[in-house]
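Open the model in your viewer and keep the selection tool at hand.

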Amino acid sequence: MTVLLGCIADDFTGGTDLAGMLVKAGMRTVQMIGVPGEPIGEDVDAVVIALKSRTSPVARATAESLDALRWLRQAGCRQFYFKYCSTFDSTPKGNIGPVAEALMQALGSDFTIACPAFPVNGRTIYKGHLFVGDILLSDSGMRHHPLTPMTDANLVRFLQTQIEGKVGLVDHAVVGQGADAIRERFARLRAEGCNFAVPDALTNDDLMAIGAACADLPLVTAGSGIALGLPRNFRQAGLLPESQVADALPPTGGRRAVIAGSCSIATQGQVSEMRAKHPAFHVDPLDLARGRDVVSEALAWAAGKIEKEPALFYATATPEDVKAAQDRLGTEKAGALVEDALAAIAQGIVSMGVGQLIVAGGETSGAVVKALGVTGLRIGPEIDPGVPWTTALAKEGSGEKPLALALKSGNFGTPDFFLKAWSKLAA
Ligand code: ADP
């Protein structure tokens, strides 16, 4: 296996976002859930190791990221990518700056970029200031984020508070001139003692030019946008084929089911569209709290149904019902009861022959993947923006068809997501 690009993502859905971008840009990619215990036997061009380090203490985030880097270096990666959120979610202490500096030190590198820009999603950088749509990051809802309130949109100034090194700006006047001009500015900043460059980026063309200018940097730190520009560097170096099918998945099969633990608006719509067409089983946190064996009931209900058509298991509820459950049980307890039950149902239906499973909800996906013992995912074709089909990496020599999984962040996807997703998957 020669992996070209080794990525470390500071959260799971961010990892999936990056992996999907790389696949779209022609790199065969797997996403690992945490640092793998051993080498993976997959032939891929990029590996994304998804951590949960966005808001953990700086020392832990740094140590985990260095562990991931060690694994990726052993896998032979030629370049490394530290992926964070396109709203630069962090605090004056970290974790973006300290993790990036630790990775640079381990790689013996003294220069990288910091570029969360993602213009198609409205994240642009101008004069070093990060915009969300038409407004500064610091005027957006992110200023009230419970864990990482972003009150300074000036990335040069903000990153400077997180690091020991020095940050400089690559102004759009330079970025607009293309990769050579950007590379020259990198060299100038470096000569002035800068270790980080924040490049302005307003369009995908800007991202491509910045990506090209990063070809020789051992480490890139960015949102997922810069991933657009990196595969071309590997192609130009003759390391990646001009064109290849990067999103092919091994054949899957078996029965189809949806598990929905998200209560966001998009998921509510998707649940009601699916309920109108297919059998659906409702999981109520109050029943769980009363000690009812909802999991056994769900599995008994499923027998005889999932052989014939896709089935839905959902805890998705209206904001009023969610609040009522949370008032009675406490937010955490209600969430944990539901997550545990849905994860146990997932385990049960997979052993009843479900081979193609959609899960709605970030936390819910985490619980399901853990219960199923999934260690990594091969990234396949996109269903809707930001949600690809994947297959769970099979244990070597198991001979079983892999499980197809679509892990959907709550608010993603069109209303018919649960109905249309199957058509993107080969039988
Ligand atoms: P999203 O991606 O929309 O944020 P998550 O799965 O991350 O979805 O989070 C939803 C949380 O709400 C989970 O912890 C889930 O267990 C919990 N939950 C789901 N249904 C209910 C409900 N009816 N009442 C209370 N909590 C619920």
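Select strand E13, residues 280-282, together with E14. In this predicted model, the two strands pair in the parallel sense, with 3 bridges between them. Pick Ala280 and look across to E14: its bridge partner there is Leu312.

Which residue of E14 is the bridge partner of Ala260? Tyr314 is.

Stay on E14, residues 311-314, and show its side chains. Are its faces covered or open? Both are covered. Ala311 and Phe313 lie on one side and are buried.

Next, select helix H7, residues 204-213. H7 is mostly covered, with 7 of its 10 residues buried. Colour the buried ones: Asp206, Leu207, Ala209, Ile210, Gly211, Ala212 and Ala213. What do they pack against?

- strand E5, 112-115
- helix H5, 172-175
- helix H6, 179-191
- strand E10, 196-199
- helix H8, 230-236

Move on to the sheet with the order E6-E7-E8. This is an open sheet of 3 strands with antiparallel pairing. Its edge strands are E6 (123-126) and E8 (135-136), each of which pairs on one side only. Zoom in on E7, residues 129-132: 2 bridges join this strand to E8, and the two run antiparallel. Select Val132 to find one of the residues involved; its bridge partner in E8 is Ile135.

The chain has 15 helices and 18 strands. Its C-alpha trace spans about 70 × 50 × 35 Å along the principal axes. For 427 residues, a compact globule would have a radius of gyration near 22 Å, and the chain agrees because its value is 22 Å.

Colour by burial. Buried residues make up 56% of the 427 residues. Then draw the contacts with a separation of 6 or more: 75% of them join residues 24 or more positions apart.

Finish with the surface. The accessible area is about 17800 Å², and 51% of that belongs to carbon and sulfur atoms.

Definitions and conventions
Residues numbered from 1 in each chain as written. Predicted model: local features only at pLDDT ≥ 70, side-chain atom pairs only at ≥ 80, totals over all residues. Heavy atoms only, no water. Helix = DSSP H or I, 4+ residues; strand = E, 2+ residues; numbered from the N terminus. Rg over C-alpha atoms; globule rule 2.2 N^0.38 Å. Buried < 20%, exposed > 50% of the residue type's maximum accessible area, 1.4 Å probe, protein only. Contact = heavy atoms within 4.5 Å. Areas by Shrake-Rupley, 256 points an atom, 1.4 Å probe, with all protein chains shown as cover. Pairing = 2+ DSSP bridges.
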